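Here are my notes on the model you passed along.

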Amino acid sequence: MKKLNFSVLGQQLLASIFITAAVSSVAMAQSIGPLAGEDGDVAENPVRFGDEPVGSSSITQSLSNAIVQFNSVACQAGGITTENQYLRRFLLTPDHGINTPFAVSSVDFGIELFQPGAPGPCAGNPINVNIYSIPTGAPLTYANMTLVETASADLVGAPPLSIANIPTPDAGSVDPSSDDLVVEIATCDHNGTGSGGREFIGSNPNGQTGPSFIAASACGIPNPIDLAAIGFPGMHVVMTVFGELGAAEPRATFAVNKDFDDNNPASVEVTISCNTGLPLQQTTTIEEGDGVVFVVVDYESGAMDCTITETVPAGYTANYFDGSVNSATSCEIAGVVHGGAYSCGITNTLDQVEVEVTKQWIDENPQFNSINIADAFWSCSNVSPVCPDGFLDPCTSGNLEFFGDLDTQSFFVYPDWNGGTTCSITEVLLPDGGVETDDGDCQGLVLFPGQGASCTIVNTRLYEGIPTLSQYGLAILALLMLGVGFVAVRRFV
């Protein structure tokens, strides 16, 4: 951690500050508020301590570098500050005319009061400067921000109403063609550590070209929020960012969008693979209605070919559309040029799943041949809404007909991803008697996309000494008996 050296003036000013003893403030409620006081001093030209700014270019949203005492607020309890993050978001191209990557070299920020506490993790008033990139237009949340670089320093002896500079020599660049720059000043948690210190960033009410933000989890603000939105419109954080402009590198972007025709929220892996450029391959996970933008650099214009594919989820068929061509296998983008912007839409269509039903007859006396014909009725509930319910393609119910002692028939269902589709098969027995009811496993089958099922309807035909004929056997026997009766009548007439 870098330690800053301060001037004699800074040390004299520090000596005049009363150092609050370490106290435990666990029982005190945290709230956003200013340092106690009225009619504070104003430093129109704040004293600088530490290093001079580093960087050939600078950007700021502050209309004035004046620091006004008692103007800044912080999350605190009993005057002891918690961890606070103060942020500014810079729209590099529209607000500052920067069209090439911008690498932060150092950051100036104002100090209203940095009062150290007792020995411990916050004793030296440690400060973190975090450099983030965030996609242009994305909400200002930590989930949307990517950390580019962080730098730390102990602000021991920092005089009040002054300007500090923290170098960030290893900061990567932020590309304004796709991202905004976010700079954050994060203070130590004096309240949580019991150090008894206080840290209030420098600000003024003299105007700004962009909002000042604060985040403080201890006060219920886990993500940055505009200070004006929480009742402090006059707190304009004093901040200037110094950096270097880089040359715009050749790049191409590939926007990929995802859709399930049944609105399944499942995550799917999407990959771009190219024959040249950097990186050669990228993989990410996206969901229904979601998207991703792949970026490829360092390639010869017109010489790069890229392929975009997904890991197709079970039970679905993929369709890829690159803006002009539909494909069942991939989006193919050939001859990618510098600055090219391409798209690939991936739609997953739900497939039917098969349910196989086997009808099994068990004869107690195998020597009797039976004509085994049977019908069954299937029905399903919670079928996917994509099901084209119609006469030629029934979705929820239908009939099966079996022939022979061991016959298998199938029906097809569009299963619902949300809770699954439940199907049952009920047989229709012929009234020939002597048949046990179904002893199979065809009730309550649960189906999901890509997961069909199979079951068996089992019936046993009983023979209790005298064979039991089927309805066809009974009909033949009746005819035979009728014929014998006719012969007897003729004989005795």
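1. Let's start with a detail in the sheet: which residue in E33 is the bridge partner of Ser379? It's Ser397. Keep in mind throughout that this is a predicted model. The strands around that pair are E32, covering residues 373-381, and E33; they run antiparallel and are joined by seven bridges.

2. Zooming out from that pair, the sheet is an open one made of four strands, ordered E33-E32-E35-E36, with antiparallel pairing. Strand E33 (397-403) and strand E36 (445-447) sit at the edges, each pairing on one side only. On average, neighbouring strands of this sheet are turned by 30 degrees against each other, direction ignored.

3. Now the chain overall. The protein chain holds 37 strands and four helices. Of its 493 residues, 44% are buried. If you take contacts with a separation of 6 or more, 78% of them are between residues 24 or more positions apart.

4. On to charges. Side chains of opposite charge can pair when their charged atoms come close. How many salt bridges does a search of the whole structure find? The count is five. The next points go through them.

5. Arg89 and Asp180 meet through their side chains in a salt bridge, at 3.0 Å from N to O. Arg89 is in strand E9 (residues 85-90) and Asp180 in strand E15 (residues 179-186), so this pair ties together parts that are 91 residues apart in sequence. Are these two buried or exposed? Arg89 counts as buried because its relative accessibility is 14%, which is under the 20% cut-off. Asp180 is buried too, with a relative accessible area of 4%.

6. Lys258 and Glu310 make another salt bridge with their side chains, with 2.5 Å from N to O. Since Lys258 belongs to strand E22 (residues 251-260) and Glu310 to strand E26 (residues 304-310), the pair ties together parts that are 52 residues apart in sequence. Lys258 and Glu310 are both buried.

7. Back to a strand of the four-stranded sheet: E35 is one of its members, and Glu427 lies in strand E35 (residues 421-428). Glu427 forms a salt bridge with Lys359, where the closest N and O atoms are 2.3 Å apart. Lys359 lies in strand E31 (residues 353-363), so the pair ties together parts that are 68 residues apart in sequence. Glu427 is buried, as is Lys359.

8. There is also a network of salt bridges to look at: it links Arg48, Glu52 and Asp108.

9. Last, have a look at Ser72. Where is Ser72 placed? Ser72 sits in the loop between strand E6 (67-68) and strand E7 (73-77). A polar atom of the Ser72 side chain lies 2.5 Å from the backbone oxygen of Ile201. Setting aside neighbours within four places in sequence, the residues in contact with Ser72 include Gly33, Pro34, Leu35, Glu112 and Met235. Ile201 is also among the contacts of Ser72, together with Phe200, Gly202 and Ser203.

Note on methods
Residues are numbered from 1 along each chain as its sequence is written. This is a predicted model: local features need pLDDT of at least 70, side-chain atom pairs count only at pLDDT 80 or more; totals for chains, interfaces and linings use all residues. Side-chain values use heavy atoms; hydrogens and water are left out. Helices (H or I, at least four residues) and strands (E, at least two) are DSSP runs, numbered from the N terminus. A polar contact is a pair of N or O atoms within 3.5 Å; within protein, one must be able to donate a hydrogen and the other to accept it, and residues adjacent in sequence count only if both atoms are side-chain atoms. Contact means heavy atoms within 4.5 Å. Buried means under 20% relative accessible area, exposed over 50%, partly exposed in between (1.4 Å probe, protein chains only). Two strands pair if DSSP finds at least two bridges between them. Axes are lines fitted to C-alpha atoms, for helices over the stretch in contact, and angles run from 0 to 180 degrees between N-to-C directions. A salt bridge is a side-chain nitrogen of Lys or Arg within 4 Å of a carboxyl oxygen of Asp or Glu.
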